[in-house]
4 protein chains.
Amino acid sequence: MSASEAVTDALRELHARFAGVDEGRQADYIPELTRSDPDDFGLALVSMDGHAYSAGAADTPFTLQSVSKPFVYALALAALGLDEVSRWVGAEPSGEAFNAISLEPGTGRPANAMVNAGAIVTTALVPDSREEPAFGRILSCLSRFAGRKLDVDEDVHGSEAATGDRNRALAYLIRSTGSLPVDPVQAVDTYFRQCAVRATAVDLAVMAATLAYGGVNPVTGERVVSPEVAAQVLAVMATCGMYDSSGDWLLRVGLPAKSGVSGGLLAAGPARFGLAAYSPLLDASGTSVRGRAALGALSERLGLHLMRNPALPGSTVTLVTTADVLPSAPTGRLARALHERVGVVAAQGALDFTAAERVLYALDESGSEDGGPVVLDLREVTGADSDALVLLHAGLSRLAREGRRAAVVDPGDRLGPPDLLRERTGQDLPRFGSREEAAEQCARVLAGPG
Amino acid sequence: MSASEAVTDALRELHARFAGVDEGRQADYIPELTRSDPDDFGLALVSMDGHAYSAGAADTPFTLQSVSKPFVYALALAALGLDEVSRWVGAEPSGEAFNAISLEPGTGRPANAMVNAGAIVTTALVPDSREEPAFGRILSCLSRFAGRKLDVDEDVHGSEAATGDRNRALAYLIRSTGSLPVDPVQAVDTYFRQCAVRATAVDLAVMAATLAYGGVNPVTGERVVSPEVAAQVLAVMATCGMYDSSGDWLLRVGLPAKSGVSGGLLAAGPARFGLAAYSPLLDASGTSVRGRAALGALSERLGLHLMRNPALPGSTVTLVTTADVLPSAPTGRLARALHERVGVVAAQGALDFTAAERVLYALDESGSEDGGPVVLDLREVTGADSDALVLLHAGLSRLAREGRRAAVVDPGDRLGPPDLLRERTGQDLPRFGSREEAAEQCARVLAGPG
Amino acid sequence: MSASEAVTDALRELHARFAGVDEGRQADYIPELTRSDPDDFGLALVSMDGHAYSAGAADTPFTLQSVSKPFVYALALAALGLDEVSRWVGAEPSGEAFNAISLEPGTGRPANAMVNAGAIVTTALVPDSREEPAFGRILSCLSRFAGRKLDVDEDVHGSEAATGDRNRALAYLIRSTGSLPVDPVQAVDTYFRQCAVRATAVDLAVMAATLAYGGVNPVTGERVVSPEVAAQVLAVMATCGMYDSSGDWLLRVGLPAKSGVSGGLLAAGPARFGLAAYSPLLDASGTSVRGRAALGALSERLGLHLMRNPALPGSTVTLVTTADVLPSAPTGRLARALHERVGVVAAQGALDFTAAERVLYALDESGSEDGGPVVLDLREVTGADSDALVLLHAGLSRLAREGRRAAVVDPGDRLGPPDLLRERTGQDLPRFGSREEAAEQCARVLAGPG
Amino acid sequence: MSASEAVTDALRELHARFAGVDEGRQADYIPELTRSDPDDFGLALVSMDGHAYSAGAADTPFTLQSVSKPFVYALALAALGLDEVSRWVGAEPSGEAFNAISLEPGTGRPANAMVNAGAIVTTALVPDSREEPAFGRILSCLSRFAGRKLDVDEDVHGSEAATGDRNRALAYLIRSTGSLPVDPVQAVDTYFRQCAVRATAVDLAVMAATLAYGGVNPVTGERVVSPEVAAQVLAVMATCGMYDSSGDWLLRVGLPAKSGVSGGLLAAGPARFGLAAYSPLLDASGTSVRGRAALGALSERLGLHLMRNPALPGSTVTLVTTADVLPSAPTGRLARALHERVGVVAAQGALDFTAAERVLYALDESGSEDGGPVVLDLREVTGADSDALVLLHAGLSRLAREGRRAAVVDPGDRLGPPDLLRERTGQDLPRFGSREEAAEQCARVLAGPG
């Protein structure tokens, strides 16, 4: 390592900038939480390639507490699907504190899975399976997200269990509104165990990266949940993850995130990074003071704000004049035809629906007014998703129906296998290996026999 | 047009699918709103290139109502900045109805600018300027977002003004908690005027596209607000725009959005599209029934969910073996050096921090174990943002400090002008026009004299 | 005065006891209220005979503020009746602060007339009459309650009007929920004027005494409102008069009461006393600290707690043996009959339903087992209300229907005029001037001819 | 019985009037409650002498449910005192439903002992004693209030226990806010048992009468709680007993009351009556429809509204001229002295502070301008409470200090034993057996030796 050490340098710089902040105080509702070192401060960053960077106390273990909530929600979604889970827990920010004793009027559902009430329901929704009891499944799931086997801090669990009356109240209240087929006291105990699972800042960054990477752990390569579940969890984190400052966090930091009272905080930049911080000094809303500041600065530094316009699209579409294709001055009939009437559209990079629309629009713009032939050059395209393919096929089909000739330069079969292409466009599109061949062939047709 | 007609086809298909839905009812708190045709249903889509597509009654005018809120919020942010605006109005979802009479305990601020209380404050924050009164500025701003001169439906304005006691109550309540230096009745009147501004579904899609395009109207090319303001507005729309179903909307549809009681609904896919629908039949929460369904389906169809992992990154980074560079089997000392010890890293597409990290990591991975020279080939890079440049420079600087040779193939100066590069990396990086030249030069150095 | 000076002594003693308390602070939301002398402290007590006692600064004028609310409520009830007034304002304690912005779900009514929202509605319900505008009627009504012409502190009124946005918000909010046919800003202005009416602690005690005396001012003898209205107002004061400490006040002090932010506090002991205090130092809930303490002690000292069992009933009913009637040993047939078989029931004091039931029960208990005659001696009865008369008549009618002889000693016609009595009981009850005559006559009938 | 049958007649008439009402519906949250006969309707009335009257199904047993709350609150107050009980449960109407999940901010106390949360706390405050467990004490207390041994409906208890999650939630929530040293599940179980205690409408009327009679059961004569506790319970019933219609009930009916979901309803007229009704058809707030109507009418019929001005005071004070004392025209010096200068004040009935003030005021008014002697005739006084005695003694002492002669006619020692009187007034007041003697003696002194 040496060039990529520059990433670590960036983390170290942020670590140094915020290590001096000593506002906030440790959670103290159970004595075990006060045993953490208030000076501890760790930062971690994990890329979609599974590269991990860290600074400070990023390997110090602490208990997940509320950081566990989105991951157990993911497990419930994976097991039961969004519709079934939504029968039991909503997805609305509540405007209330994390431990609010309130359920949705009418349905009796907790507002969302990030407040305690919703998290207890979520935990209760994970059934025992034949192979292992519910908590076993939860611990195993959390471990897969983290990419290593996690364990439980039994002291913390014991203490939480001893002081957990408010959560037991929530559990009974929830059961009183419906037929949740679980024992409230047992559900709360399982919930306390998941809160007492131990992890480090690096673990948290891997867990966040797994959500950001569409449910695949980028370090181990294991698919933990489906892309749909990962997106659902991130959406709920975006509106509800930071309790009653979720709106402000999304406004200023722009990332789905989740904090816990032991000082952990994670955030996910979809398709970018998993981020995490650990520092036990908490603000009034129970979020790590240094963690909040550092992840906010990191999002800014890395340009991760979800709503910030990515100035550089992932693809380019170029309308090419034939002057570019045949730099020498054209002579003869064929050359003139080529020069005047054949359009060339070149695309580059990854194609999604957004890019595909650009391609089609460029095809329409290309060529002379009487609708001469067009060449679509896809050699530099690195891939196309299914939304893009459907639209491209439909557009090429439209062209054909209107009698406009098209040829594609697609040696990599970016438009899909010839059979699919024929079925979708209703024609055998001429395919070529180079732009020049394609243009020439088009010009030849234009110029006519002779 | 013909290929891109396929996009219109997609809209038409959705239009047909949801036109049959006749649930919901028109707003009727003022008689003017019941004069709209309940069967009207329009859809519109505007791309970042300013291409507009539509289906159905997309040119039927209606009053903006609450759809005006994010745009006047944008105007206030542009005029005063986020910090000043945040003194007067929060950014938290309130978990309450749009017309809730409640202010934040302690500060007396409305929860956010998407509920009536917050919108009235926002409107009040727009000062009269020397050139024109506040409402003139608001109308002008809305018109710039829409790309054409909008006007006021005076009948609707008159009716709203006649029945607006609840909003007047809000205005007095807000003034009672602080020193907002405006007359409450006048602020409410301006607010009613902005609600009565008339637009079409196509206008709404352009307005949304302007936010999605970082504040630049993609049709007119005019910058309406800064990228920062656009991102701030989108973030607040994401958590608060759909009132008390904002969380569910972000979970299922995944886009910042805003609805109004006259039947308008818009959504923004950052860097992708502006979307809009118009249909006056509303659900219980005051959102267009068909609009909600159609934009939801459109987001699904176009793959716009913010949290869905974009499978195809906007850039690629390739670690190239010299076998690729010099396809024929190497002979001689120079060729062996080249073959064994020179690494080549090729990047393609747009580079942001995320991509830059990949480049640096690939540089570290490249080359032989003893840290031979490396070639960074940037010919296919289409651009690099400032975050990427800072990181690349830092990484190259690290390499240099550790004595590892590097050469760049960067005919387009993607790494910035030579002076900046020298300053940032502390060296004169050898630059070449082709990969082969660079590799050969590196090999030459390796092989040593002779 | 000298004997009754002992009452003043009791007040002085309480005054001295609480004058040293200097907790609390003056209201300061308008500068005029801070001009009061924080050391001022007055106590006043007015009896149902109109005797007034006071100690300290009981003649210092201050503005009524919220103390005006129950009296304007009384005016509205008198003008419109409870049912009509109840359409606009409820009578439930709200569990909220006095200036809460909340209306009853469903009806849109303010919770009660003691909170600002309800008081504004109450004021708005007082219509202009032909003779005088609404505020004239209110000032006149307040003056009749106080027994002297009150006036408005125009400085205070001006200041309140300048800072009254919260109340204007309430007024608009109320109008937005229904068709209250008043201009909100004007209603609030009238409300502010009534709050700025000036009175002293003695005035307040007279006002309270008027409610306690069933609506008749005990000093002037003028009937201000009906007994029904007075009772209705007292009931609402009992549950809502002390804002969110109303329950605790009724529990500990046991009297309907009302406080105002200028330091006034009054309480009413129905049929006993009007009490008042003035001291501008307020507790957190806006009630005079010394006032609360002193009136609490006064209620305790005077035994006024509404729920404290009055150990001494207002009437006595005695079952008299004939031994008491004819003290000497009876001889002869007549005397024996008298001794053995004639029952005598004597009642004393004021008769209501409660006492009447006792009388009837005693009649049943009296006499020998075979149901001999009974004498009802009402000479010492000082009065009987209509409920008592109806029951006594019904009981005597029952006796007659079962053939038991009864005679009444009722020279004062406490049972009502003979015609009414005959109609109600269906018989001509023998009436006598003395118990002896009646008993002897009964005995004579018993003994039979001979 | 025959005369007092007129009271039963009044009940029967009300019973007939409301028996036809068949609105409302039975509670059905547990099947056992639906087994009651919806047509059942009983009324009962018990006087302070223990006379019981009833009509309809007044002997049909049902479970107390929430009717038990005030009596267990009484038990807790008796055991711990108001201050200690108030540490755990408030006395404020909450403006919320009976089963609201909310505790007082800051203290964590339930709002009052009439809502479920407060009742569970109240029950939990009753400790096991050495002799018997908590529930034994509760059952024994309820039985003493009712005047007979009550028992538990085990079926109802079992059903409630099976469906009581909401109450268990409350119990855990309460324990989570403080150190209530009880097991929540056990506290709720005890609470369910108290709710399942079985009683009749007559029992309820006796229970209410016991509170109305200052804590003494008027049927058995047993003191169940102190007068202070009885008054405290009645005060809380007055503001909180009818849940969120408590204010309206006090306004219209004017009595402390408590209802239960099995159809029981009781109300107490202090020093007057205990009232009760039973009918299982409930309104939306869980109160018996017929019960509410019938007890409202009964209060009206019996003139029991607490705030209605009792027109007839329990005592009379008469300023007697000597013309009344010596009807024949006075002759001679003595007679003239008597006629002109001796005042006579006669009091009758029960004396409390209110009456004592009248006596003192009359003493001041009596006599000639130069402050001649005065005779206070107390022969017709039936009693005087301690507040009255203190004031009378103080007044007589004042008179003496100012040199005005007074003589009392007090053969019954209503002013207390001579020693106490001497100590309090600082003199030996001359006491006489008749008014004439006293007046003559005073005149004699006036006339001087002669």
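Select Tyr191(A) to begin: it counts as buried, because it has 27 C-beta neighbours inside 10 Å. (A residue is buried if 20 or more other C-beta atoms lie within 10 Å of its own, exposed if 12 or fewer, and partly exposed in between, with C-beta atoms placed from the backbone.) What you have open is a predicted model, in which local features need pLDDT of at least 70, side-chain atom pairs count only at pLDDT 80 or more, and totals for chains, interfaces and linings use all residues. Residues are numbered from 1 along each chain as its sequence is written, while chains are lettered from A and ligands numbered from 1 in the order in which they are written.

**Stop 1: around Tyr191(A)**

Show the cartoon and you will find Tyr191(A) in helix H8 of chain A, residues 184–195. (Two residues are in contact if their C-beta atoms, placed from the backbone, lie within 7 Å.)

**Stop 2: the annotated positions**

Which residues does the UniProt annotation "binding site" cover? According to that unreviewed entry, they are Ser66(A), Asn116(A), Glu160(A), Asn167(A), Tyr191(A), Tyr243(A) and Val261(A). UniProt positions are given in the numbering used here, feature names are shortened, and annotations may be inferred rather than shown by experiment.

Pick Ser66(A) from that set. Look for Ser66(A) in the loop between strand E3 (62–63) and helix H2 (69–80) of chain A. Is Ser66(A) buried or exposed? Ser66(A) counts as buried, because it has 23 C-beta neighbours inside 10 Å. Its contacts, leaving aside neighbours within four places in sequence, are Phe98(A), Lys258(A), Ser259(A), Gly260(A) and Val261(A).

**Stop 3: chain A as a whole**

Zoom out to chain A, whose secondary structure comes to 18 helices and 13 strands. Its C-alpha trace spans about 95 × 50 × 40 Å along the principal axes. Chain A has 450 residues, of which 61% count as buried. Among contacts in chain A with a separation of 6 or more, 71% are between residues 24 or more positions apart.

**Stop 4**

(Ala, Val, Leu, Ile, Met, Phe, Trp, Tyr, Cys and Pro count as nonpolar, Asp, Glu, Lys and Arg as charged, and the others, Gly among them, as polar.)

**Stop 5: a helix pair in chain B**

Stay with chain B and select helix H1 (residues 5–19) and helix H12 (residues 289–302), whose axes come within 10 Å and cross at roughly 140 degrees. (Axes are lines fitted to C-alpha atoms, for helices over the stretch in contact, and angles run from 0 to 180 degrees between N-to-C directions.) That angle makes H1(B) oblique to H12(B). (Angles under 35 degrees count as roughly parallel, over 145 as roughly antiparallel, 65 to 115 as roughly perpendicular and the rest as oblique.) Show side chains for Ala10(B), Leu14(B) and Phe18(B) in H1(B), which meet Arg290(B), Ala293(B), Ala294(B), Ala297(B), Leu298(B) and Arg301(B) in H12(B). By class, this contact has 7 nonpolar, no polar and 2 charged residues.

**Stop 6: Tyr243 in chains B and D**

Next, centre on Tyr243(B), found in the loop between helix H10 (227–240) and helix H11 (246–252) of chain B. Most residues other than glycine have a negative phi. Tyr243(B) has a positive phi of about 50 degrees although it is not a glycine. Tyr243(B) counts as buried, because it has 24 C-beta neighbours inside 10 Å.

Finish at Tyr243(D), in the loop between H10 and H11 of chain D. Tyr243(D) has a positive phi of about 50 degrees, and its 24 C-beta neighbours inside 10 Å make it count as buried.

How values were computed. Helix = DSSP H or I, 4+ residues; strand = E, 2+ residues; numbered from the N terminus.
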